[in-house]
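Have the sequence and the coordinates open side by side while reading. The paragraphs below go from the overall fold to single residues.

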Amino acid sequence: MASVARSMASLLLFVAVLGGSMGFSAGAVYKVGDSQGWTTLGNPNYTAWAVSKTFHVGDVVVFEYHKEFHNVLQVTRQAYRTCDASAPLATFNSGNDSIPIKTPGHHYFLCGIPTHCTLGQKVDIRIPKSSSASAPSLTPSLPGGGGAPTEPSAAAPSPKANGASTLHSMRSPGVVVVVGQFLMLVLWMCLG
């Protein structure tokens with residue numbers, strides 16, 4: 001049994017080294033509004049929330065809200081400034097939307113329910129041009145299931161953890177597959 005444990009430890013070390021050398025990395029996952037979520041209740045300050053974070057290409061922003069009362073629209077800069085929800089770039093309405101950020105620059109989001117944006121339910125996720133590290137080519141599968149946009153959106157994963165929730169940490173799918181295969185091998189070895 002000790003040799004099985006040593007073999008498993010060696011294989012786990014190999015997987016960790018392989019994952020790091022192949023560029024698989026975790027993007028940070030940010031819950032918009034932290035514990036308040038995406039709402040108008042309690043007058044959350046989404047501008048202050050966003051400014052307190054350092055976002056990077058590859059990070060994921062998660063909007064959690066009551067889907068009966070809110071939604072998430074990705075919009076242009078002008079629509080963001082004027083709270084114009086008439087022509088969104090993408091619409092999300094699952095109540096738990098995970099949106100990967102694939103490009104540097106500003107990513108503007110607002111709630112399309114009348115008056116919610118003017119009450120402050122809007123956020124500008126800004127990724128500095130210097131953080132444009134290439135994102136992995138695979139899109140991660142996120143816990144909690146994110147809503148799919150109704151239209152294509154400009155928004156996926158690079159290393160970082162600045163202010164991100166540890167609870168929402170994720171790994172690149174390539175690493176998940178390798179670890180899954182490793183666990184199946186371990187199970188097979190233990191049962192065989």
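How many of the six residues of β6 are buried? Five of them are, which leaves β6 mostly covered. Buried here means under 20% relative accessible area, exposed means over 50%, and partly exposed lies in between, with a 1.4 Å probe and protein chains only. The model is predicted, so local features need pLDDT of at least 70 and side-chain atom pairs count only at pLDDT 80 or more, while totals for chains, interfaces and linings use all residues. Residues are numbered from 1 along each chain as its sequence is written, and side-chain values use heavy atoms, with hydrogens and water left out.

The chain has 192 residues, of which 39% count as buried. It holds four helices and seven strands, in the sequence pattern α-β-α-β-β-α-β-β-β-β-α. Helices (H or I, at least four residues) and strands (E, at least two) are DSSP runs, numbered from the N terminus.

Strand β6 belongs to an open sheet of four strands, ordered β4-β3-β6-β7 and paired in the antiparallel sense. At the edges are β4 (90-92) and β7 (122-127), each of which pairs on one side only. From one strand to the next the twist averages 25 degrees; axes are lines fitted to C-alpha atoms, for helices over the stretch in contact, and angles run from 0 to 180 degrees between N-to-C directions. Two strands pair if DSSP finds at least two bridges between them.

On one side, β6 (residues 105-110) pairs with β3 (residues 72-75) over three bridges. Val75 stands opposite Tyr108 of β6, and Gln74 has Phe109 as its bridge partner. With β7, β6 forms six antiparallel bridges.

Is Gln121 buried or exposed? Gln121 counts as buried because its relative accessibility is 1%. Thr115, with a relative accessible area of 52%, is exposed. The phi angle of Thr115 is near 75 degrees, a positive value in a residue other than glycine.

The side chain of Gln121 makes a polar contact of 3.1 Å with the side chain of His70. A polar contact is a pair of N or O atoms within 3.5 Å; within protein, one must be able to donate a hydrogen and the other to accept it, and residues adjacent in sequence count only if both atoms are side-chain atoms. Leaving aside neighbours within four places in sequence, Gln121 is in contact (heavy atoms within 4.5 Å) with residues including Trp38, Tyr46, Leu110 and His116.

Trp38 and Tyr46 lead on to the aromatic residues. The whole structure contains six aromatic pairs. Rings of Phe, Tyr and Trp (its six-membered ring) pair if their centres lie within 6.5 Å; planes under 30 degrees apart count as stacked, over 60 as edge-to-face and the rest as tilted. Trp38 and Tyr46 form a tilted pair, 4.9 Å centre to centre with 50 degrees between the planes. Both of these residues are buried. Trp49 and Phe55 are also a tilted pair, because their centres are 5.8 Å apart and their planes stand at 50 degrees. Trp49 and Phe55 are both buried. Ring pairs link Trp38, Tyr46, Phe63 and Phe109 into a cluster; Phe109 is the β6 bridge partner of Gln74.

Trp49 is also touched by Lys31, whose other contacts beyond four places in sequence are Gly37, Val62 and Glu64. Lys31 is in strand β1 (residues 29-31), and its side chain makes a polar contact of 3.1 Å with that of Glu64.

Two exposed residues complete the tour. Asn43 is in the loop between β1 and α2 and is exposed, with a relative accessible area of 64%. Its phi angle is near 50 degrees, positive in a residue other than glycine. Val51 is in helix α2 (residues 46-51) and is exposed at a relative accessible area of 67%. From Val51 to Val123 there are 72 residues in sequence and 9.9 Å in space, C-alpha to C-alpha.
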